Amino acid sequence: MPTQIWQQIAATSPSTLSQLFRDDPNRTQKLMIKQCDLLFDFSKTHLHGDLLGAFEKLCGVMNLAQAKEKLFTGALVNPTEARAAEHTAERGNGHADSVAAARALQARMRGLIEAIDAGAMGEVKHVLHIGIGGSALGPKLLIDALGRDDARYDVKVVSNVDASALAEAVAGMDPHKTIIAAASKTFTTTETLMNVSSALQWMRGCGVADPEGRVIALTANPEAALAWGVDESRILPFNAAVGGRYSLWCSIGFPVAIGLGWAAYEELLEGAAAMDRHFRAAPSLENAPVLAAFADLYYAQVKGCETRAVFAYDERLRLLPDYLQQLEMESNGKSVTAGGDPLGRNSAPVTWGGVGTDAQHAVFQLLHQGTHLIPVEFIASKMPGHDFDAAHHETLLINCFAQGAALMAGRQSDDGARAYAGDRPSTTILMEDVTPSALGALIAFYEHRTYTNAVLLGINPFDQFGVELGKEIAKGIAENGPAGFDPSTMALIAEAGL
Ligand code: F6P
């Protein structure tokens, strides 16, 4: 049945974007959604009547409505790990017990933050957050986006096992006024544990009397943190059914809550909760994450697009492409369905991107004239993040909108080098401002879009077994030495003197 609908989707052959606008004077209104202080403009994609109808049928066949309810009620949606995915419960939309448990753990986190504010850990100026993947990308994005002017503490996020990152982070820190947030869902991740040990060594070397007493563990494995030596009073646990890349809403968000303050953290959660409500209730054709997924699927599945590009036209959102890479690629970069059968079609495209206007002067040549068709997403804010001359922000926004217009319109020329094919799709998301609540809604939008893509493809977006093999091989080399590998790997190990 899905095969037939995919055939129908592939057979829709929409007109050019310019023609779609000529055919329907109300196209912009129909494909623009205003929700949670965000405006989503899908009108410069090829979504149109027949295509939308076919995708709605696909939603029926793949049972998107039931999949949404399963997500929001804490039912099993991660079959390979036999559990629910309860990130929405962290913002109040989930199984009642999970919501209550999340609230209790959030209250515990708030209590610890208030104690730190009151001096329970001595004078604190710096928070060194150490984690990797989902235990780092969300906090890093949010601190960079929202903590530029009035952060309550100096928060630095370190992830890479290359200690140059740690060295850079601690360079400006007073070790006597630093606390360490050790963020790891499993509390077994090599990079994180090694970085925390080295940070403790740095503190000890600088004469801090009890560095271990300055560690706060953010984890779904409190037993491991306890065994590692973190005192129970400084462990902030979270629900193991919250996936790593969905974990900024629970205690992995500690640096955000302490850095920006509890009110901002609550606004972030409420922004995400509002997007949850929209995703859960709005009909598909008025539903921002669902329409976004339709466009994603059309380009990846029917047009064969292997990548999608995301450009933040706002410095505050410069880390958004990094964040989305994990969310989208780790969730939906799978070759099998949730039931273990071969997927039989393309999985998620590669997500990449950068910031505008910088990217215009570097990679946009290929977007406009290259042979690859790449759907582009622009994200901008009506309000600037600075007090400089308003001309800066006007120029930024004008450029953002001009790029979408140029990609779509193209320009004919007898001179091939100066011709632009046009008809290249883009989506624009315009934020009222980069506030905690709008950013919460934006991130939740991406989560639900990723989930919708997964449901319509039949993928389980909540496991990530693809990261295991490399970890196991690295562990094997570290523990047993270089033996039994292919000649190339052996030669590299020998050359590096390992
Ligand atoms: O290796 C991938 C991964 O498991 C991610 O899914 C996760 O966000 C990251 O590693 C960090 O894991 P942890 O929070 O358990 O340290």
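Visitor: Into which domains is the chain divided?
Guide: In this predicted model, the chain is divided into two parts by an automatic or database domain assignment. Domain 2 covers 95–260, while domain 1 is made up of the two segments 2–81 + 268–463.

Visitor: How many residues of domain 1 are in contact with domain 2, and what distance separates their centres?
Guide: Contact is counted for heavy atoms within 4.5 Å, and on that basis 17 residues of domain 2 meet 31 residues of domain 1. The centres of domain 1 and domain 2, taken over C-alpha atoms, are separated by 32 Å.

Visitor: Which side chain has an N or O atom 2.5 Å from an oxygen atom of the ligand?
Guide: A polar backbone atom of Gly134 lies 2.7 Å from an oxygen atom of the ligand, and a polar side-chain atom of Ser135 lies 2.6 Å from a ligand oxygen. The side chain with the 2.5 Å distance belongs to Thr189.

Visitor: What percentage of the ligand's accessible area does the protein cover?
Guide: On its own, the ligand has 390 Å² of accessible area. Of this area, the protein covers 89%.

Note on methods
Residues numbered from 1 in each chain as written. Predicted model: local features only at pLDDT ≥ 70, side-chain atom pairs only at ≥ 80, totals over all residues. Heavy atoms only, no water. Polar contact = N/O pair within 3.5 Å; in protein donor to acceptor, adjacent residues only side chain to side chain. Areas by Shrake-Rupley, 256 points an atom, 1.4 Å probe, with all protein chains shown as cover.
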